[in-house]
Amino acid sequence: MLAKSIRHFGAITTLFLTASTFAATKVELEPANNDPDNINSLQRGARYFMNYCSGCHSAQYVRFNTLGRGLNLSEDQLIENLMFNAEKTFETIQANMPVGDAARWFGQPPPDLSLMARARGTDYVYNFLKGFYLDPESPSGVDNRVLAGTSMPHVLWELQGYQRAIFSTDENGTRHFESFEQVTPGSMSAEEFDQFARDTANFMQYISEPVRSTRRVLGVWVLIFLVFFWIIASMLKKQIWKDVT
């Protein structure tokens, strides 16, 4: 059952992400507090992404050898743990689902997730993964706090379990989310699933800009060079113009 849910996770997510790519949520999002420099978190997130998302979603702007360098993984570790449908480490992350079948089943191919975290925000991905709750009026039996009326079922229910959302209603009849109440437990505790969602969102932020850490280090050295050059230029100016009255 879990394997079937894993295969469907990425594809069904397409229905949600495609429909909401340009929609802004008014829901207050809980900060993911992820750290793109946390290698252990990124390694876990890479494993979750490849197991739960890459069956239907690609990340075609990211090469496996880039992941290996950034996540401190050897070639053997890449091949054994991440490269399920690739043969060479210079290949990019491609979905297992054929594009034609995906377009026929879902109306269009699942979107590439290379830049999804930059487009939607890491907090959004984190809260969406955690935001499913029981709703008997929904065709799928669940809804999502981040996107009301989503057509995506809770394919991670075996990990998270099922929860009920508690809402309050103001004088205008508008519902406001208050909290979640666990109904049935999953194979993960609340803390473990929270870390699962954070690691997955963290990895998606990483692949949206794999050179982030390198860029920041390079930026520091550029600033140091400019300061040093400014000092030298100032001293040279004073030396040249010292005899000018």
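This report looks at a pocket, a helix pair and a strand pair in a predicted model.

## Ground rules

Because the model is predicted, local features need pLDDT of at least 70 and side-chain atom pairs count only at pLDDT 80 or more, while totals for chains, interfaces and linings use all residues. Residues are numbered from 1 along each chain as its sequence is written, and side-chain values use heavy atoms, with hydrogens and water left out.

## The largest pocket

Let's start with the largest pocket, which holds about 330 Å³ of space. Here a pocket is an open set of points on a 1 Å grid over the protein atoms alone, where a 1.4 Å probe fits, with protein on both sides within 12 Å along at least five of seven lines. The volume is the space filled by probe spheres set on those points.

There are 20 lining residues, and Lys130, Gln160, Gln163, Phe180 and Ala190 are the closest to the centre (lining means having an atom within 4 Å of a point). Two or more residues each come from α7 (122-130), α8 (157-160), β6 (175-185) and α9 (190-208), and β6 gives the largest share, 5 residues. Helices (H or I, at least four residues) and strands (E, at least two) are DSSP runs, numbered from the N terminus.

On the α7 side, the contact (heavy atoms within 4.5 Å) includes Val125, Tyr126 and Lys130. Among the α9 residues taking part are Phe193, Ala197 and Met204.

## A strand pair

Now for β5 (residues 161-169), which runs antiparallel to β6 and is joined to it by 9 bridges; two strands pair if DSSP finds at least two. Gly161 sits opposite Pro185 of β6, and Gln163 has Gln182 as its bridge partner.

The hairpin of β5 and β6 has 5 residues between the strands, and Gly173 takes a positive phi near 85 degrees there.
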